[in-house]
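Let's take a friendly walk through a two-chain model. Have a look at it first, then read on.

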Amino acid sequence: MADQIPNTPKLDELEKGPWPSFVKEIKMAAKNSPMARDLLGVLELSYNEKIGHWKHGGIVGVMGYGGGVIGRYSDMPEEFPGISHFHTIRINQPSGWFYTADALRTLCDIWDKHGSGLTNMHGSTGDIVFLGCRTDALEPVFEDLTKAGFDLGGSGSDVRTPSCCCGPARCEWACYDTLALTYDLTMHYQDELHRPAFPYKFKFKMSGCPNDCVASIARADMSIIGTWRDDIQMNQDEVKKYADNGLNIQRDVAGNCPGKCMDWDGNELKIENEYCVRCMHCINVMPKALRPGKDRGACVLLGSKAPIVEGALLSSVLIPFWKPEPPYEDLKDLVETMHDLWCEEGKARERIGEFIQRVGMGNFLEEIGLEPLPEMVAHPRENPYVFYEEYYEEDDGDEGEE
Amino acid sequence: MAKTVEEIAEAMLNMVTDAQGIKKLKPTDLIKAMRELYGDEADKKLCKGAIKELVNSGKCVYTYFGGSFIELPHRESAAND
Ligand code: HEM
Ligand code: HEM
Ligand code: SF4
Ligand code: SF4
């Protein structure tokens, strides 16, 4: 095992500059961790050879679980014995990524004791990520985590660890309690999280408002994004103050409104709320003058994915307005219907968004028992080819199963 | 007569054993096969329970290769040990 921190002229380049560097961090860990030392060694080698040295490891996990551990072996175990096993462990993060210092210390202690000491806080999936675990250390890590109240997250063809923005805990724009919903879904879908049974992964991500700080519309199979259905709250005095302080309201606020529903006459701001698409733009620019309405809830969208194989998809609207109220049974019933259909008819490695593209949104809605709505069409007002009445009639006639 | 979890688990284990090294079976493959074999005698909940039973008892393990599969415990070809 490497006793010394290896010479890494290529990696050292990545320490230069005023920004944080993962190389600096791994070197710091390498003082105590032979695994981190060998990691530096293999990385430098990869930079020199332009070849990766990681093998896929398909069978590692903890007893009973099918998710949470992503197997990795080195293809150079003799040269770098410290990283001959280097599995990744995903740990279910607390909603909104809130910790006490104590909890963080507990996690770090567990990881120093059993693994490489390297973490990723957080992975882009949301989870806490422990990088670099030997197979025989997996169960002990899991046991210590369980004792500390932590559970593994998702990986493989399962419900992935649900994640959310900080929501009402810190953000004045939150239109519903993202933290409560995330916690509830995490507990409700325990079996689906730990026992992969789907054609492919399924992600829930919750954002408190249309700013969508967890980028759920692009990354979650089910995106639940806060919104409101009454009028934007407005304080004309504060609007005036923004204008007096030099904000060009006509150009920079009204001019960029995608609903084209704002008018500023130099004195008073008017919003035609029925044309507002609730994009948050004006509210973000003038937070003291404007805020979301009072009748708040969430829009439920379905079908996005970040691609590895085929093109990216964004979620499309499933329920334009939903009141998230515990125990959220209405949503769970709908999700179960969708999961059943997708499990029955979906192809291997087909995300639900791709499945919908294949069978058609109309057929999908029919199967899960939802009525088509104008909100499900990207530009209903501008699309002259959408005739709702005829759509119904046509479908009633020849709705054969394929 | 509805099947028991044990009966389904055994039928699944036979399938997995026969397929080992030839074809990787997904949990949905197992469930669909049981539904074809036993129809309403094996509902989805029962099938899920059977998979849980197989994995908890260590007779089968979850594996991952792009998607998730149910296999007999074996030495991973990528493993270094
Ligand atoms: C060769 C380069 C890359 C590879 C091999 C790669 C691979 C991956 C893998 C394996 C995942 C996990 C997927 C899963 O959860 O199963 C992932 C997730 C992700 N990657 Fe990459 N990635 C690459 C580059 C990038 C880049 C350049 C970006 C951003 C600009 C990016 C953004 C993301 C995001 C946002 C996720 C999380 C998606 C989600 O949570 O749904 N990746 N990537
Ligand atoms: C309106 C939505 C968002 C808000 C309000 C927001 C807010 C913030 C804030 C306040 C920070 C600085 C944290 C700190 O240094 O203390 C930050 C950092 C960051 N955000 Fe966001 N964020 C949003 C959306 C996103 C999205 C969608 C992504 C990725 C696709 C993203 C990626 C990041 C990253 C990578 C950093 C770290 C940057 C760094 O290391 O300096 N954010 N964000
Ligand atoms: S999505 Fe909205 S509510 Fe959530 S943190 Fe971002 S701005 Fe705040
Ligand atoms: S939220 Fe967006 S669409 Fe609505 S009024 Fe403001 S800028 Fe216009």
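Where is the place of H122(A) in chain A? H122(A) sits in the loop between strand 4 (118–121) and strand 5 (128–133) of chain A. (Helices, H or I with at least four residues, and strands, E with at least two, are DSSP runs numbered from the N terminus.)

Before going further, a word on ground rules. This is a predicted model, where local features need pLDDT of at least 70, side-chain atom pairs count only at pLDDT 80 or more, and totals for chains, interfaces and linings use all residues. Residues are numbered from 1 along each chain as its sequence is written, chains are lettered from A and ligands numbered from 1 in the order in which they are written, and side-chain values use heavy atoms, with hydrogens and water left out.

Another cis peptide bond links P326(A) to P327(A), and here omega is about 0 degrees. You'll find P327(A) in the loop between strand 14 (316–322) and helix 12 of chain A. Then there's W97(A), whose phi is near 60 degrees, a positive value in a residue other than glycine. W97(A) lies in the loop between strand 3 (87–91) and helix 4 (101–114) of chain A.

**How helices pack**

Two packed helices are described by the angle between their axes and the distance between the axes. The axes are lines fitted to C-alpha atoms, for helices over the stretch in contact, and the angles run from 0 to 180 degrees between N-to-C directions.

| Helix pair | Angle | Axis distance |
|---|---|---|
| Helix 1 (residues 5–19) and helix 2 (residues 27–38) of chain B | roughly 120 degrees | within 11 Å |
| Helix 12 (residues 329–345) and helix 14 (residues 361–368) of chain A | roughly 120 degrees | within 9 Å |
| Helix 4 and helix 5 (residues 138–147) of chain A | about 165 degrees | 10 Å |

Angles under 35 degrees count as roughly parallel, over 145 as roughly antiparallel, 65 to 115 as roughly perpendicular and the rest as oblique. Take the last pair: its angle of about 165 degrees is why helix 4 of chain A is roughly antiparallel to helix 5 of chain A. The contact (heavy atoms within 4.5 Å) brings L107(A), I110(A), W111(A), K113(A) and H114(A) of helix 4 together with P140(A), V141(A), D144(A) and L145(A) of helix 5. Sorted by class, that's six nonpolar, one polar and two charged residues. (Ala, Val, Leu, Ile, Met, Phe, Trp, Tyr, Cys and Pro count as nonpolar, Asp, Glu, Lys and Arg as charged, and the others, Gly among them, as polar.)

Now for chain B. With axes crossing at roughly 120 degrees, helix 1 of chain B is therefore oblique to helix 2 of chain B. On the helix 1 side you have I8(B), A11(B), M12(B), M15(B) and V16(B), and they meet L30(B), I31(B), A33(B), M34(B) and Y38(B) of helix 2. This contact has ten nonpolar, no polar and no charged residues.

In chain A, the roughly 120 degrees between their axes makes helix 12 oblique to helix 14. L334(A), T337(A), M338(A) and L341(A) of helix 12 meet F364(A), E367(A) and I368(A) of helix 14. Those residues divide into five nonpolar, one polar and one charged.

**Where the chains meet**

How many residues of chain A are in contact with chain B? There are 27, and they touch 24 residues of chain B. Together the chains bury about 2200 Å², 53% of it on carbon and sulfur atoms. (Buried area is the accessible area, with a 1.4 Å probe, that two parts lose on being put together, summed over both.)

Three salt bridges cross this interface. (A salt bridge is a side-chain nitrogen of Lys or Arg within 4 Å of a carboxyl oxygen of Asp or Glu.) The side chains of D191(A) and K52(B) form a salt bridge, at 3.3 Å from N to O. Over all chains, the count comes to 22 salt bridges.
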